[in-house]
Amino acid sequence: MSGPGAAGNGPLIHRRYVLGLLLRLCVNFAGGVGILFVILYFALSRSLPADYEGVFHALRNLSPFLRPILAISVLVYAILACGSTSALCVYILHKVAGPLYRMELILDQYRSGAHTRTVSFRHDDQIQPLAQTFNLWIGALHRDRHRWLATMMNAERHCLQDEATCRAEMEEALRKVAEDMARYR
Amino acid sequence: MRKPALQPSRPSIRYVSPRYQGPAVLAFAVIIVTGGAIFWKLVDSAFQRVFLRAAIRGHYAFDSAYDIVRDLLAWHLAGLFVGVFLAGSVLVLLLIAATRHGIGKAVASLRASADGDLSTPTGTGSIGELDRFGKKIDAARSYTLASVLEIRSDAAALAASGIAPEEFRLRWDELKQRIRRIAP
């Protein structure tokens, strides 16, 4: 970030993050299919007899067991794949969910009137422009607040002179502050 | 001696946000289970057919049932992988697009706030967590706008009031305090 004008212009979610997520998903699903293959391989790799009758009976006897074998294999695959994908989702998406949660806390603190500090996310978090634009907004509010207070304190300096001048300057300062605040809509 | 009370408080980091990660996890589970169910249905019917045919013909050339269905199984496993991965990729891209859209709106809203626009709704989108987040931003902006408008109206009123100096001074000091409370 080079200055306030450039705040929040970076990418919200980096392409590298998306590609990394897709790559991990690919490895995850490939692992799941690999496990399914191993289970089915061991279930179907029993040697067949050498004669026609033996082969016929072995294959005919396999048919009733095929459905439960497949059902259990697919169930194991689904459980393992769902578990690993859930872990992957939590691990990868926390780089978006974490900053969102952090920003929610800061917004709640802001509304409660607590001291508002500048926000920064972890180095490898996504949605960094959110923190930058929030800081930009709070920075603008701080600058405006200081200017309004400076205008009022400048008017107070005239109170060292006579009462009428003091009052006129203060009223003028109030009008200036009210006019300056008109940009907020 | 260390004084824990003096250490700066580190903001807590939450790794699990059920509102954001939950729907994604559920959607992936639906894809995996649907893929598995389709695989089971297709492979079951194909294997039953192939084994019946093989039993009648007598496949002496094959050592095991796996050898009979090797290619068929490979194709179905490849289909399962490609199907689940493609559907998962589409889901990831949709999720990223929705996040980019929602957070993009929040960023635009905060940038507009820095320019003084505190009333245009953020409109972050329909994903639960992003929608809620947009409402929080709007609430913070509304809170600021209400404070500023109230101070502005009181400042204008005080400037034109013509009240007694003692009362004027009291209200002047009160106004200063209220300005100090904007983004403290």
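Predicted model: local features only at pLDDT ≥ 70, side-chain atom pairs only at ≥ 80, totals over all residues.

Next, colour chain A by its domain assignment, which gives domain 1 as 12-119 and domain 2 as 127-185. The C-alpha centres of domain 1 and domain 2 of chain A lie 57 Å apart, and between these domains 8 residues of domain 1 are in contact with 7 residues of domain 2. On the side of domain 1 of chain A that touches domain 2, you will find 6 nonpolar and 2 polar residues, with no charged residues.

Now select α2 of chain A, residues 52-111, and look along it from end to end. The 60 residues of α2(A) should span 88 Å at 1.5 Å a residue, and its end C-alpha atoms are 82 Å apart, which agrees. Centre the view on A:H94, where α2(A) bends by about 55°, and then step just past the helix to A:G113, which takes a positive phi of about 90°.

Bring chain B into view, where 4 helices and 0 strands are present, so that the elements run α-α-α-α from the N terminus on. Buried residues make up 30% of the 184 residues in chain B. Of the contacts in chain B between residues at least 6 apart in sequence, 56% join residues at least 24 apart.

With both chains shown, select the residues where they meet: 85 residues of chain A are in contact with 82 residues of chain B. On the chain A side, α1 (15-44), α2, α3 and α4 (163-181) each supply at least two residues, and the largest share, 33 residues, comes from α2(A). Divided by class, this side of chain A has 59 nonpolar, 13 polar and 13 charged residues.

The next selection is the largest nonpolar core, which has 69 residues and in which A:L130, B:F51, B:A65 and B:L110 have the most contacts. The elements giving two or more residues to this core are α1, α2 and α3 of chain A, together with α1 (18-57), α2 (65-114) and α3 (128-159) of chain B. Its largest share, 20 residues, comes from α2(A). Since domain 1 and domain 2 of chain A both give residues to this core, it lies between them.

Centre on B:L110, which, apart from its neighbours within four places in sequence, is in contact with A:T133, A:F134, A:L136 and A:W137 from chain A and with B:I137 from chain B. For the last stop, select A:A155, A:M170, A:V177 and A:M181, which are included in a second, separate core of 16 residues.

How values were computed
Residues numbered from 1 in each chain as written. Chains lettered and ligands numbered in written order. Buried ≥ 20, exposed ≤ 12 C-beta atoms within 10 Å, placed from the backbone. Contact = placed C-beta atoms within 7 Å. Nonpolar A, V, L, I, M, F, W, Y, C, P; charged D, E, K, R; others polar. Domains from an automatic or database assignment. Expected span 1.5 Å × (residues − 1). Bend = angle between axes of the 7 residues up to and from the residue. Core = buried A, V, L, I, M, F, W, Y, C linked by C-beta atoms within 7 Å.
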